[in-house]
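Q: I have a model open and want to learn how to read it. Can we take one residue, then one interface?

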6 protein chains.
Amino acid sequence: MKLLVINPNISDEVTALIEAEARRSAAPGTELLIRTAGRGVEYIETRLESLIAAGAVAEIIAEHHGEVDGIVVAAFGDPGLPALKELADVPVLGITEAALCAAALQGRQFSIIAISDRITAWYRDCVEHFGFSSRLASIRSINQALRGIGTVQQDFKATLLELARTAVDQDGADAVILAGAPLAGLARELKDQIPVPVVDGIGAGIRLAEAVVGLDGGSHRVGSFAAPPAKRRAGLSPALEGCLDGLQDAAHRTGPAALAAGGAR
Amino acid sequence: MKLLVINPNISDEVTALIEAEARRSAAPGTELLIRTAGRGVEYIETRLESLIAAGAVAEIIAEHHGEVDGIVVAAFGDPGLPALKELADVPVLGITEAALCAAALQGRQFSIIAISDRITAWYRDCVEHFGFSSRLASIRSINQALRGIGTVQQDFKATLLELARTAVDQDGADAVILAGAPLAGLARELKDQIPVPVVDGIGAGIRLAEAVVGLDGGSHRVGSFAAPPAKRRAGLSPALEGCLDGLQDAAHRTGPAALAAGGAR
Amino acid sequence: MKLLVINPNISDEVTALIEAEARRSAAPGTELLIRTAGRGVEYIETRLESLIAAGAVAEIIAEHHGEVDGIVVAAFGDPGLPALKELADVPVLGITEAALCAAALQGRQFSIIAISDRITAWYRDCVEHFGFSSRLASIRSINQALRGIGTVQQDFKATLLELARTAVDQDGADAVILAGAPLAGLARELKDQIPVPVVDGIGAGIRLAEAVVGLDGGSHRVGSFAAPPAKRRAGLSPALEGCLDGLQDAAHRTGPAALAAGGAR
Amino acid sequence: MKLLVINPNISDEVTALIEAEARRSAAPGTELLIRTAGRGVEYIETRLESLIAAGAVAEIIAEHHGEVDGIVVAAFGDPGLPALKELADVPVLGITEAALCAAALQGRQFSIIAISDRITAWYRDCVEHFGFSSRLASIRSINQALRGIGTVQQDFKATLLELARTAVDQDGADAVILAGAPLAGLARELKDQIPVPVVDGIGAGIRLAEAVVGLDGGSHRVGSFAAPPAKRRAGLSPALEGCLDGLQDAAHRTGPAALAAGGAR
Amino acid sequence: MKLLVINPNISDEVTALIEAEARRSAAPGTELLIRTAGRGVEYIETRLESLIAAGAVAEIIAEHHGEVDGIVVAAFGDPGLPALKELADVPVLGITEAALCAAALQGRQFSIIAISDRITAWYRDCVEHFGFSSRLASIRSINQALRGIGTVQQDFKATLLELARTAVDQDGADAVILAGAPLAGLARELKDQIPVPVVDGIGAGIRLAEAVVGLDGGSHRVGSFAAPPAKRRAGLSPALEGCLDGLQDAAHRTGPAALAAGGAR
Amino acid sequence: MKLLVINPNISDEVTALIEAEARRSAAPGTELLIRTAGRGVEYIETRLESLIAAGAVAEIIAEHHGEVDGIVVAAFGDPGLPALKELADVPVLGITEAALCAAALQGRQFSIIAISDRITAWYRDCVEHFGFSSRLASIRSINQALRGIGTVQQDFKATLLELARTAVDQDGADAVILAGAPLAGLARELKDQIPVPVVDGIGAGIRLAEAVVGLDGGSHRVGSFAAPPAKRRAGLSPALEGCLDGLQDAAHRTGPAALAAGGAR
């Protein structure tokens with residue numbers, strides 16, 4: 001199984017953190033292709049930054065059309081999701097949705113620990129969009145300026161631990177998500193000091209992607225995540241043009257009409 | 001008052017429909033600047049197409065930074081909203097959110113009449129995101145291939161009328177939204193034949209933008225719609241770079257610290 | 001355009017505040033007819049007081065049947081809404097629903113600043129009824145006895161500002177509504193000191209009423225806001241009798257049967 | 001125990017049906033005082049008619065201030081509720097809320113069978129307001145003109161039975177509410193032919209009122225259902241004036257201040 | 001009327017408290033059969049303990065099949081509900097659902113006062129399952145070790161009173177539920193010191209069971225609470241086997257087929 | 001990794017189906033221990049049958065305390081969940097929650113295909129409890145008598161395929177869950193004929209259990225899924241007694257007090 005793991009942030013330091021945890025988490029047979037967004041911001045904290053990142057992630061998905069078995073969008077907040085699920089005929093998972101599932105499977109209420117106050121509104125939107133507002137115990141966040149995005153997890157380790165414990169003690173969290181690619185790998189370090197299951201976003205993204213790809217349940221040939229209908233387009237990158245052409249051709253071959261005529265996937 | 005009205009679709013025919021209804025709807029003192037997306041698809045039906053359009057709309061907003069008093073994103077489904085509200089220090093409204101408000105102020109339950117089956121999932125997401133799932137009576141849509149996007153409203157007038165009436169009779173709609181820029185202006189034509197208030201998306205967008213701009217309640221200097229925090233960026237267009245720099249400079253001058261020090265907007 | 005603006009409270013001082021802000025907010029071509037409730041209480045704080053006021057508002061609407069293009073019920077909490085929408089064939093808006101729309105179009109989460117603790121339960125019902133519970137950041141209120149309803153906004157200006165700022169800082173409000181007719185006009189004064197958009201209930205009521213009336217999308221000839229069916233009545237005021245007769249006659253002429261027979265509005 | 005049972009409709013025929021079922025349902029020791037609205041309409045189908053009725057019900061409650069141990073508002077849709085709970089220091093129950101509880105205690109999903117299509121929107125509002133939208137299987141209604149409100153249950157017995165059975169078979173109702181005072185007593189007649197528990201609104205209203213009154217848990221001395229605060233009033237009926245005075249005097253004697261000083265109820 | 005009242009806890013002291021309050025609450029004509037769980041824990045605080053108790057309660061219900069007119073499961077949290085409603089052809093009520101109804105009929109928002117922190121998550125599940133999350137003001141609980149389950153209400157009377165008052169003052173509770181069988185009877189003692197209606201779980205359970213049994217609306221012959229379909233079973237107790245056989249025989253005689261053939265209950 | 005997979009039904013045929021699909025789905029390094037409920041019914045369709053099964057599953061979990069790394073409860077509807085998560089210090093997953101996650105990660109709306117009409121109410125409860133009501137497109141079910149539980153998937157293959165396709169075409173499902181252990185393995189056979197991703201409950205259960213166990217985020221040492229507090233117990237099986245003793249001892253060694261004193265897991 002080959003997974004494309006995309007850092008929607010432009011920071012190579014964060015990519016390195018993602019890669020390290022992804023490799024620790026992946027099953028023996030899983031091959032990882034790690035990519036960094038070609039444009040955007042150092043780290044995403046707002047809805048607009050997420051929108052900008054989504055465009056960059058779309059390009060990378062398009063460039064690798066047909067090359068991989070699954071795709072992980074490796075920024076908490078899931079830039080471009082669920083829209084980007086239309087851009088591939090393989091599963092595309094965000095690490096937020098993966099982490100939310102991992103937490104929900106281990107508890108009733110869960111909390112999210114985040115790297116900045118500003119980031120929390122966007123995270124809250126994601127949880128609500130996923131349908132889990134009633135299961136969110138709290139989002140707690142660092143409210144100090146960061147020294148550098150690559151060192152957040154070390155610079156604020158004590159703060160993050162304290163936030164996690166407070167989420168458990170005061171907010172009733174049955175599980176805690178250490179959110180955001182910059183925190184990749186920290187869960188391994190802190191889990192013995194946090195008295196409920198701790199979820200690492202990257203770890204959850206990789207493992208749940210492996211699970212969903214492994215289920216091999218078929219792709220979206222109709223419905224709201226099938227390839228967009230063919231129509232006049234303008235101004236898109238060659239990669240995106242090529243990917244959309246490829247998806248629309250496949251849809252033509254395997255879609256409802258073909259299905260009715262006895263065609264298979 | 002000067003409003004920037006953006007067609008997120010690349011179709012000039014649709015822009016013409018938008019412009020005609022926008023001019024009919026605007027108050028005497030309102031100046032309109034109408035723009036068409038520089039890249040994207042002929043008409044948006046899916047979450048991915050909406051995401052692509054959002055990027056194009058962002059460029060146009062950035063290009064006109066500081067020039068207008070309000071912005072209307074003129075495709076039903078509100079591509080890029082609410083993220084794009086961060087990209088301007090003036091109100092940015094989508095025609096969906098405007099139409100939902102106009103409908104909600106005139107009825108308890110409302111229905112949306114849409115130009116294609118595929119488009120409905122995306123619309124449903126928008127309604128849910130806005131918080132109005134419990135007020136949505138139904139989304140009803142044309143389930144035939146379109147002849148051309150600029151003539152949908154004339155080609156399918158009888159079908160659209162029938163869908164609207166069915167929404168009233170069978171789904172209990174107290175108001176009906178004729179959704180999508182390609183239907184701009186049709187409400188004027190059909191309203192006498194539909195026995196509940198009919199909402200035109202473009203008309204609602206223009207009029208509610210005028211109302212909100214007119215309220216003049218101040219901009220987002222803090223919170224989740226304030227300008228994104230300054231940080232390293234890469235690969236963005238000059239327009240976007242300039243706009244973000246401008247917003248962040250203003251935030252520096254008028255934000256919380258300035259506010260505490262007695263600064264004003 | 002002619003709007004009937006009704007103060008559901010019996011206080012002339014509050015009517016004066018409403019009138020001043022309504023005139024400041026109205027478009028050049030808008031004519032305003034301002035009326036005060038003929039019976040009820042000095043200012044409404046509870047569900048029962050709102051119910052009593054609703055009856056008084058109904059009388060005023062009935063008295064002006066056929067004279068105006070739109071109606072604004074100018075007490076936060078929207079006494080009698082949505083029921084009173086049945087009593088006119090023109091749009092009837094409450095200032096709460098208008099303010100909620102204005103806030104929702106400018107932010108994701110919003111807070112309401114209220115003049116007394118007792119009033120908050122009723123306001124919360126309104127927000128929930130409108131469908132926006134998930135978007136309400138908080139309701140914050142003055143918890144001191146009022147000196148006089150006409151001077152609340154001046155007597156408690158510093159408190160109200162503090163409540164608004166706290167809603168932004170601690171509750172995550174992206175927009176703030178200064179609720180209640182007694183606060184009419186205060187938003188203009190405080191907006192530079194509150195770092196997110198501020199909504200004045202009266203201003204929102206007038207401007208959104210202008211927008212909805214301007215849309216001119218037709219009236220309720222069927223459905224749950226059409227005129228009540230004709231049936232035996234007793235004990236109603238002549239005004240109410242006359243208004244209901246008028247509405248039912250019109251419904252007979254333009255309703256479903258007439259519509260089917262080719263009749264128009 | 002003495003219960004005041006109020007028919008918010010002006011129809012004496014409906015009062016007779018209410019009285020008959022109320023007497024059959026009441027416990028041996030329960031004394032019933034039955035009253036009919038002094039103004040309003042023959043039978044309530046709309047939000048506006050309910051608002052008008054609410055005023056009439058308020059007068060009757062006020063007239064009997066201090067005379068009874070509990071009050072039942074005997075029209076489905078609960079005119080004036082929950083506001084009217086402020087107007088008495090004894091429990092005030094609507095038959096809708098009582099029937100919803102009776103149904104919810106006997107099933108997961110329930111349906112409501114109603115006498116007209118027009119009435120359903122108002123009923124739906126009530127269910128939503130109570131918090132039971134997720135438990136409502138359906139509202140099914142007679143869609144023919146009624147011959148007379150006093151004979152609906154006999155004129156449409158077969159139709160009502162069919163609607164109830166369809167709600168069970170097709171909508172998954174675990175319990176069925178025969179809604180509306182005009183159907184009072186019909187549940188006894190049809191229950192053997194409907195294969196899930198059937199709830200009579202009047203029966204539920206009487207029995208749950210007896211239960212709640214019997215619990216004798218104390219009245220609202222603070223909070224959103226306490227007597228409205230004393231303030232200037234105008235134009236109210238002597239009964240309402242007297243009742244409000246009485247409630248406010250009692251609040252003064254037993255409220256928070258008195259409580260702190262050691263006062264008891 | 002004969003009610004079976006089951007203590008799902010194994011503690012005889014708690015059974016004594018239940019019995020005392022049940023006898024005080026029951027109507028003159030109500031006969032009570034009080035039983036204690038044959039296996040389980042001293043007092044239930046967790047979802048697992050509730051599940052274990054549910055099995056024990058099922059046995060007792062089965063043993064008394066056909067002997068009673070209604071059943072009250074007398075532990076807050078409603079162990080085994082709603083599943084156990086399938087195990088009898090008479091109403092089966094939990095004291096939580098009964099107390100929630102009693103509170104909802106007396107207020108808009110209510111709070112629950114609980115005997116331990118651990119117990120609150122389970123209670124919250126129950127409220128959510130019933131559909132009343134939006135009406136729950138708070139759950140407040142004793143966070144100290146208990147001296148003995150039979151003396152909690154006396155050992156912590158001051159604490160419980162303080163929690164109830166705080167729920168009213170700070171959380172906006174319009175009614176307060178003193179939750180849990182170990183608190184049975186305490187509401188009578190504290191109600192004069194709590195300024196909103198107080199609900200005793202046992203009192204509510206008995207009185208609402210009397211009300212629902214009294215309604216006599218018929219049993220579940222089809223639908224999701226009818227007797228489980230006959231099929232191969234293994235390892236069940238003789239009581240459970242006998243009860244299921246009895247229910248399935250009755251279903252065969254009175255179910256849909258019999259109904260269609262003219263059979264009656 | 002060693003997983004305990006429990007069939008809560010007593011049917012060995014169904015266990016064989018579960019085992020076959022579990023072995024096909026499991027990763028190379030995963031060891032499976034397959035067990036069948038010692039008491040209960042042939043196949044679970046109702047809430048009561050699920051409750052009975054939950055007790056039997058608890059016994060099996062207790063018997064294997066300390067022997068495995070994760071547990072899969074292999075009946076759709078998740079008998080005993082989430083309560084049974086308290087009974088182990090390793091992850092306990094139900095196949096419903098696993099399948100819901102797998103579907104939600106592949107679509108926005110999903111449908112469930114079920115083996116009988118009776119079973120749907122219980123499934124709906126599960127989806128609602130998980131928080132995904134807003135994402136459920138439909139539950140569609142076979143409404144014919146089954147010939148035998150072990151052959152359902154072959155006897156009704158065409159019907160099941162038709163139900164799945166209808167869910168896609170008419171209900172808007174983006175993904176389809178073939179629910180229930182008796183359908184284990186069928187997804188592999190039908191996926192090419194269903195034009196959206198298909199989820200096999202057993203496959204999802206095994207793969208998501210592997211993912212969650214692999215995350216190794218620590219166990220519940222505090223909170224609502226920690227071991228129940230030690231207290232007097234009676235009448236439990238030796239296995240359950242031993243398991244609870246074991247969990248409570250561990251909690252004593254590693255819980256909050258131990259944690260504060262520097263203890264680790």
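Q: Is V127(E) buried or exposed?
A: Count other C-beta atoms within 10 Å, placing C-beta from the backbone: 20 or more is buried, 12 or fewer exposed, in between partly exposed. V127(E) has 20, so V127(E) is buried. This is a predicted model: local features need pLDDT of at least 70, side-chain atom pairs count only at pLDDT 80 or more, and totals for chains, interfaces and linings use all residues. Residues are numbered from 1 along each chain as its sequence is written, while chains are lettered from A and ligands numbered from 1 in the order in which they are written.

Q: Which helix holds V127(E)?
A: Helices are DSSP runs of H or I, at least four residues; strands are runs of E, at least two; numbering starts at the N terminus. V127(E) sits in α4 of chain E, residues 119-130.

Q: Which residues does V127(E) contact, leaving aside neighbours within four places in sequence?
A: Contact means C-beta atoms, placed from the backbone, within 7 Å. For V127(E) the partners are L100(E), F132(E), S133(E) and L136(E).

Q: How many residues of chain A are in contact with chain F?
A: 48 residues of chain A meet 49 of chain F. α8(A) gives the most to that side of chain A, with nine residues.

Definitions and conventions. Two residues are in contact if their C-beta atoms, placed from the backbone, lie within 7 Å.
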